[in-house]
Amino acid sequence: IRQWCLDIETYVVNNDTFDPIAYPWKMHNFFEWYNEYFYEVVVHHHGVEEKIVNPWLATKGIQTPVKMEADHDTLHKYLDGVKDFEAQYRALNRPAAWAPDQEANIQKVIADLRKHLGELCKLMGPHLAEEEKFYPGEFRDKLTLAEWKKKEGEIVKSLGLKGASQTLPHFITCMKRWNPAMVPGFLAEVPPPIRYMLNNKWLPKYHGYVRPLLEGLVNDRPPPEYQESGCCSIC
């Protein structure tokens, strides 16, 4: 999530070529990525904490900081706010709605969206830092490795196949960047069928489709259309 926030700042917030009039395809690509990947992954991440991890910690006498839980409400308002900006943009960007001042109205919506995204990322950073300090410390000091492994399996199962396809490629890519020594051990614990899908379907799609949706936002032409191969198009 932290890396994706850095990407949002690079490819949208601080990218003056994120122009809805000159490059309308950039709006389509951003909202495609945001809705299918960033939004769903963050909402699932928060759901895991609220519905699985925090109640479980409570049974161990570990109380999650009130502010950390309350931050989710604020962040979700910002997350849903991006969808509101998308709805405004799409309502304006219709031939039937066209008016002399339409371009200016569209530009304002996207300018406000970029500001909103910047605020979202500034809020997300300290929240993630607080989680990164709280959870590992509590797990290390008050839980056994066996207890965590059992709960970790429940968390992974909650992803489902679609969630795994959205999350694992980005997770592995970030791990290779920040702590490559951890990758072999992590992959060794991934079940063989999931590891096969990761290597043969999900990672190729991530690098051939998901990353270009974002990285292509600084270019003057859209990235080539991605062609999936084989079965299991949901993955």
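Which residues of the largest nonpolar core touch the most other members? Keep that in mind while the tour gets going.

**Before you start**

This is a predicted model: local features need pLDDT of at least 70, side-chain atom pairs count only at pLDDT 80 or more, and totals for chains, interfaces and linings use all residues. Residues are numbered from 1 along each chain as its sequence is written, and side-chain values use heavy atoms, with hydrogens and water left out.

**Stop 1: the whole chain**

Show the protein chain as a cartoon. It holds 7 helices and 0 strands. Helices (H or I, at least four residues) and strands (E, at least two) are DSSP runs, numbered from the N terminus. The pattern along the sequence is α-α-α-α-α-α-α. The C-alpha trace spans about 65 × 45 × 30 Å along its principal axes.

Now colour by burial. Of the 235 residues, 42% are buried. Buried means under 20% relative accessible area, exposed over 50%, partly exposed in between (1.4 Å probe, protein chains only). Contact means heavy atoms within 4.5 Å. Among contacts between residues at least 6 apart in sequence, 81% join residues at least 24 apart.

**Stop 2: the largest core**

Select F30, W33, F38, L113 and L117. These touch the most other members of the largest nonpolar core, which has 36 residues. A nonpolar core is a set of buried Ala, Val, Leu, Ile, Met, Phe, Trp, Tyr and Cys residues joined through side-chain atoms within 4.5 Å. Helix 1, helix 2, helix 3 (66–92), helix 4 and helix 7 each give two or more residues to this core. Helix 2 supplies the largest share, 10 residues.

Centre on W33. Not counting residues up to four places away in sequence, W33 touches W4, I8, F38, V210, L213 and L214.

Then select W56, I62, Y135 and F139. They are among the 12 residues of a second, separate core.

**Stop 3: helix 1**

Select residues 2–13. Buried here are Q3, W4, C5, D7, I8, Y11, V12 and V13. They pack against helix 2 (24–59), helix 4 (102–142), helix 5 (145–178) and helix 7 (192–215).

**Stop 4: the cysteines**

How many disulfides does a search of the whole structure find? It finds 0. A disulfide is a pair of cysteine sulfur atoms within 2.5 Å. The closest cysteine sulfur to that of C5 is in C121, 3.7 Å away, so it is too far for a bond. C174 has its closest cysteine sulfur in C5, at 11 Å, also too far for a bond. C5 counts as buried because its relative accessibility is 7%. C174 counts as buried at 15%.

**Stop 5: helix 2 against helix 7**

Axes are lines fitted to C-alpha atoms, for helices over the stretch in contact, and angles run from 0 to 180 degrees between N-to-C directions. Angles under 35 degrees count as roughly parallel, over 145 as roughly antiparallel, 65 to 115 as roughly perpendicular and the rest as oblique. N29, E32, W33 and Y37 of helix 2 meet K205, Y209, V210, L213 and L214 of helix 7.

Zoom in on N29. It is buried, with a relative accessible area of 9%. Leaving aside neighbours within four places in sequence, N29 contacts L213, L217 and P223.

**Last stop: helix 3 against helix 4**

Switch to this pair. The axes of helix 3 and helix 4 come within 9 Å and cross at roughly 160 degrees. So helix 3 runs roughly antiparallel to helix 4.
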